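Hi there,

Here is the structure I promised to pass on. Have a look at it first, and my notes come after it.

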Amino acid sequence: MAPIPRLRDYKGPALLSYGFRPFFLFGSLYAGLAILAWLPMFYGELELSTAFAPRDWHIHEMLYGYLPAVITGFLLTAVPNWTGRMPLQGRPLLVLVLIWAVGRLAVTTSAWIGWEAAAVIDNAFLLLVAAVMGREIIKGKNWRNLKVLIALGVLTGGNVVFHVEAHLMGAADYGVRVGIGGTMMLIMLIGGRIVPSFTRNWLARENPGRLPASFGPFDVISMIAAGIALLTWIAAPDWSATGAALIAAGLLQAVRLARWAGERTWRDRLVLVLHVAYAFVPLGFVLTGLASLGLSSIGAGIHAWTGGAMGLMTLAVMSRASLGHTGRALVATTAMQVLYGLATVAALARVCAAIHPGWSGTLLHMAGAAWAAAFVGFVVAYWNVFTRPRVKS
């Protein structure tokens, strides 16, 4: 994301000056704290007043709680660059943050307030974000980016299905797969642009030689294959053809990643971590495909996508975008590199826990502790970045 072109004469708290600040901060804090609550829930040591089963609460709050916050922070900061319009700031931004927070409270107390009320309150946030994005894009006549409304629509639809399934069936199923599938397509679309772009910029300046392949027919084919595989998985996860489609899509995504020259970015950890995060995309496809064929645990592929691709990629993008939009140098500090490492350990430990149930107790605690440390640590490390004014050049 390029620097925001123009701003209002804003005099309020720096935290509410750009959309990424409160949503990246509170979203990350919630991601870390929610995992600390999830493990005691999983072991029956903690009970919340939620209408969701413990598993569903955990999945929902990562997939439809944390991720929408990060996506909203990204979009609120990107849309002004796309449209030339002024960003959402101050009180309107605060209202949007509070609606997201109330949604988290509503889901967690849904056994008390009723699942219908919780569903309405929870979905109000995504609908409002879509309305804000649509208004800005239409007024800015930036028609080509109206496609972001499709992504928000998929998330909203998946969230509605999740609530209804959890109430009627006792557990969410399609709502989980819709949310994961939609988010993975978003990561492949956005990641397929920013990972090679940032890599090319750094290599051209610091390490001349082989550059990432430009976006072309192969990328289109790999995305179509991935989309077909994900749609098939959403509809029929246990079909053998689904497994074959997922594995084929995973291999194509692995080749796509290899074309981006990530092995040449070791010296710039802000760039390198993007490649590491994207590596979980093909890994998730292959492991989920093996699960469809009955050769692996479904949890392995799911957590490669959610903990690895989604978790590490969002952490990488948040850390980089926050530096760039506050006028700071694009450098991963030692502390941030440790946090990247912790998030990677969390994802790998969770995948391994699904593959090797005999070690699940130790690995689950390792994954939970590493994840919480990574995201709460990010809030601590970036507190001044989020709460202090932009650095003047």
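Below is what I found, from the overall fold down to two residues.

First, some ground rules: this is a predicted model, where local features need pLDDT of at least 70, side-chain atom pairs count only at pLDDT 80 or more, and totals for chains, interfaces and linings use all residues. Residues are numbered from 1 along each chain as its sequence is written, and side-chain values use heavy atoms, with hydrogens and water left out.

The protein has 14 helices and zero strands (DSSP runs, H or I of at least four residues for helices and E of at least two for strands, numbered from the N terminus). Of the 393 residues, 53% are buried (buried is under 20% relative accessible area, exposed over 50%, partly exposed in between, with a 1.4 Å probe and protein chains only).

Now to T344, which sits in helix α12, residues 334-355. T344 counts as buried because its relative accessibility is 18%. A polar atom of its side chain lies 2.9 Å from the backbone oxygen of Y340. Leaving aside residues up to four places away in sequence, T344 touches V276, F280 and L312 (contact means heavy atoms within 4.5 Å).

V160, in helix α6 (residues 148-169), is partly exposed, with a relative accessible area of 38%.

Happy browsing!

Terms used:
Polar contact = N/O pair within 3.5 Å; in protein donor to acceptor, adjacent residues only side chain to side chain.
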